[in-house]
Each structure stands twice: as C-alpha cells, then as structure tokens.
Amino acid sequence: MTLSERDLEQQEPVTAPAPAPSAACTSCSGGTLAAETVKAAFWEGERLVVVDGIPALVCRTCGEKYYEDETAMRLDLMRGAGFAPEKAVQSMTVPVFRFDASAGGKAGG
Ligand SMILES: [Zn+2]
C-alpha cells in the first residue's frame, strides 16, 4: 500500500495576496487559476512599453491576472529603471484608434 504524492505534498502557507495556484479566482469567485506567463503594457510617460514573459496566475473564466508580490516588485524595479530602449528584446507597432462616440454597440444590422 502506497500513499499518493498528493497526500505527501505539504501545502505552503500563503503569505502573498495573490491566491495559490490551486485557489479559486476572487474576481469572479470560482474561476480556476492557472500559472502562465503573460505580457502586460505599461505607460512610461508618453511611451508605451510591453513586458513579456511575466509569471502570473490567470483565471480560466474571467481572465483576471494575479501577480506574486515578488513579480510586482520586479516590475516596479523595471519601471523605476525607465525601461531603457537598449534593453528591449523587440519592438512592435501598436495601432492607435480615436474614440468614436458614434460607434454602435452591436455589429451588423
Ligand atoms: Zn475569475
């Protein structure tokens, strides 16, 4: 008779505000969270920069992202460093739209 690994696995105490990977989403209360790497956009003055490969917990239901404290801290450090252009791994073109107050809410018709 053997115990499964899951039985032997000890739950680490959660000190960070981000839920544990096994926890449910607090935004839609119930969605399953999955550990993924995501990209996020930040405004640096008039400059828009994108950070790729950020570890996050993403809700499968509503798409809410949760960052660990350490991840948020590292992002703050990167922002504090001013996102030096020479450190960018790639550049992308971002389409810019002007808000259209007359646009309808529904497509077609
Ligand atoms: Zn959710």
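Tutor: A salt bridge is a side-chain nitrogen of Lys or Arg within 4 Å of a carboxyl oxygen of Asp or Glu. Keep in mind that we are looking at a predicted model.

Student: What makes R79 and D76 a salt bridge?

Tutor: Their closest N and O atoms are 3.8 Å apart, and the cut-off is 4 Å, so the pair qualifies. R79 and D76 sit three residues apart in helix α2, which puts about one helical turn between them.

Student: Why is D76 called partly exposed?

Tutor: D76 has a relative accessible area of 49%. Exposed means over 50% and buried means under 20%, so D76 falls in between. R79, with 36%, is partly exposed too.

Student: How do you know that E36 forms a salt bridge with R60?

Tutor: Here the closest N and O atoms are 2.6 Å apart; the rule asks for within 4 Å, so this pair counts. E36 lies in strand β1 and R60 in the loop between β2 and β3, so the bridge ties together parts that are 24 residues apart in sequence.

Student: What makes T71 buried?

Tutor: T71 has a relative accessible area of 12%. Since buried means under 20%, T71 is therefore buried. You can find T71 in helix α2, where it touches I54 and P55, not counting residues up to four places away in sequence.

Methods: Residues numbered from 1 in each chain as written. Predicted model: local features only at pLDDT ≥ 70, side-chain atom pairs only at ≥ 80, totals over all residues. Heavy atoms only, no water. Helix = DSSP H or I, 4+ residues; strand = E, 2+ residues; numbered from the N terminus. Buried < 20%, exposed > 50% of the residue type's maximum accessible area, 1.4 Å probe, protein only. Contact = heavy atoms within 4.5 Å.
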